[in-house]
Amino acid sequence: MRLPAKIVPVILGYVATVSAFFVLDNLPEIIRGHQSLSRLNAASILYQKAVTFGSRKPRNNYVALVLLDDNVPEAIKNNYCLQRKYLANVISRIRDGRPAIIALDFVFGLGTCPDATDVYHGTAELRSAIADVSKTIQIVIAEKTLDASSLEELPEKLAVLRGSGFKDTEVIIEPSDKFDSTDTKVSYGLYTLNEDSRKIPLSWSAYRSLASVGHEKPSMTDTFPVAVADAYLPDPRVLLEIHKFQDKGRDPLTSFLTESDIRCFSSSDILGNSTQPYVDSKKKCHSTDAHPVLAQLEHRVVVIGKDAPDLDRHDSIVGVVPGAVLQANYIESILDSRFLKPVQGWLSFSVALAWLALIEIIFRISTGHPHRALGLAILATVVVWVLLYDLVVMQWGYYLVLWPPSLIAILWRYVLVVSEPRTHTQVAPAQAQPRPTAAIQNQVPIEGSAPTMQKEAPR
């Protein structure tokens with residue numbers, strides 16, 4: 001039997017196939033902190049198709065998105081103080097739509113727009129608007145953080161921080177202007193994303209300041225989408241599920257709404273001074289609802305963010321999108337309890353190898369019939385894929401990336417079998433033929449001699 005001689009390349013081929021897809025699917029975590037590799041695609045091409053199949057198709061039930069986009073006046077785009085004044089008007093206007101929550105996907109760095117020196121007093125007007133609106137509507141504000149990757153441009157400072165105990169899995173909260181007071185409903189959440197944008201950031205081990213590194217222990221702090229979801233007062237079971245993920249220190253995966261799937265408006269539409277409806281064929285962020293804009297915000301979580309080229313933009317499985325689009329997706333996923341538990345690498349790897357072992361068994365029992373083996377292997381893969389994704393993904397909420405390497409392995413194994421030389425059909429050389437037995441030799445006449453006469457039996 002010739003197959004055992006090729007068992008080593010077969011095994012190596014299977015392991016290499018599974019490993020390649022495992023690395024591809026977990027690439028963002030593998031290259032974490034390496035800026036030179038940050039532009040590589042963050043997710044498997046087939047991920048979105050797998051996790052949005054059937055009943056898991058995401059829907060926009062809770063969130064509305066308001067973007068400060070190209071329709072914002074030019075004078076405001078590059079002036080942070082004027083932006084704060086503009087944002088104050090947007091917030092006051094959104095209140096009239098009676099939303100459930102207003103979530104500000106902005107970071108207000110301390111000293112960026114001082115009240116005393118700024119002629120426009122943008123911070124003072126924003127503080128006044130937030131104080132007024134938050135008396136009746138909860139407002140959640142993002143807090144900017146520093147992590148190891150953002151400090152790579154300052155290697156000396158990063159080395160000192162690491163010497164004080166700072167880890168790559170921790171963050172430092174940057175100083176920012178505060179807008180909360182005793183008589184307002186204002187809360188904060190960390191603006192920190194995962195390297196893998198498919199994973200919902202739930203909490204981070206955070207230091208309150210640079211000075212606290214090495215002197216205080218970091219505390220687990222909720223992220224911006226969790227703070228928004230908590231303020232919305234969702235089903236207690238949703239918060240319980242979040243806490244379970246936080247206790248395990250593992251962020252769940254989720255599926256994504258595209259910009260065209262989210263109820264989305266330009267800030268100029270909110271203020272009522274837009275010259276045309278906000279329909280951008282490239283960004284695909286608009287609402288097709290015929291109701292007035294403010295009426296479409298009622299009882300929704302309104303996420304206000306910025307859509308500017310080369311500013312707060314992120315690679316995702318739905319393309320390069322503003323950070324506000326990611327945050328809107330995370331909030332929608334949490335409120336909709338749309339979580340997928342990532343399967344541990346060793347378990348996913350083991351299941352994939354078991355699946356490939358089934359393919360190998362099919363090809364071995366179908367020796368000499370490669371076409372039949374191909375058909376049976378594909379059939380088995382389809383059956384296993386349906387069972388796994390119907391039960392594991394759809395019903396139990398786990399994510400596995402298995403079937404792409406299985407299909408490739410089937411084709412590779414089929415090519416290997418077809419390319420084998422068919423030695424059993426070849427005719428052996430004459431000298432290799434077995435010599436006839438003595439009995440047969442006595443019955444065959446030798447050329448050039450008289451035939452042997454058989455004696456007649458006596459009568």
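The pLDDT is the predictor's confidence in each residue, from 0 to 100. This protein averages a pLDDT of 78, and 70% of its residues score at least 70. The model is predicted: local features need pLDDT of at least 70, side-chain atom pairs count only at pLDDT 80 or more, and totals for chains, interfaces and linings use all residues. Residues are numbered from 1 along each chain as its sequence is written, and side-chain values use heavy atoms, with hydrogens and water left out.

**Confidence**

- Strand S2 (residues 101–104) has the highest confidence, at a mean of 97, and helix H15 (residues 438–443) the lowest, at 50; helices (H or I, at least four residues) and strands (E, at least two) are DSSP runs, numbered from the N terminus.
- The pLDDT is below 50 over residues 35–43, a stretch with 13 contacts beyond near neighbours in sequence, where contact means heavy atoms within 4.5 Å.

**Helices H5 and H6**

- Helix H5 (residues 80–95) packs against H6 at an angle of about 20°, with the axes 7 Å apart; axes are lines fitted to C-alpha atoms, for helices over the stretch in contact, and angles run from 0 to 180 degrees between N-to-C directions.
- H5 and H6 are therefore roughly parallel to each other (angles under 35 degrees count as roughly parallel, over 145 as roughly antiparallel, 65 to 115 as roughly perpendicular and the rest as oblique).
- Residues of H5 including Leu 87, Ala 88 and Ile 91 meet residues of H6, among them Leu 126, Ala 129 and Ile 130.
- The contact of H5 with H6 comprises eight nonpolar, three polar and five charged residues (Ala, Val, Leu, Ile, Met, Phe, Trp, Tyr, Cys and Pro count as nonpolar, Asp, Glu, Lys and Arg as charged, and the others, Gly among them, as polar).

**Helices H8 and H11**

- Helix H8 (residues 224–232) and helix H11 (residues 323–335) pack at about 45°, with their axes 9 Å apart, and are therefore oblique to each other.
- In H8, Phe 224, Val 228 and Tyr 232 are among the residues that meet H11, whose partners include Tyr 330, Ile 331 and Ile 334.

**Aromatic pairs**

- The structure holds six aromatic pairs, in which rings of Phe, Tyr and Trp (its six-membered ring) have centres within 6.5 Å; planes under 30 degrees apart count as stacked, over 60 as edge-to-face and the rest as tilted.
- The rings of Phe 108 and Phe 179 have centres 5.2 Å apart and planes at 70°, so the pair is edge-to-face.
- This pair links distant parts of the chain, 71 residues apart: Phe 108 lies in the loop between S2 and helix H6 (122–133), and Phe 179 in the loop between strand S4 (170–173) and strand S5 (186–191).
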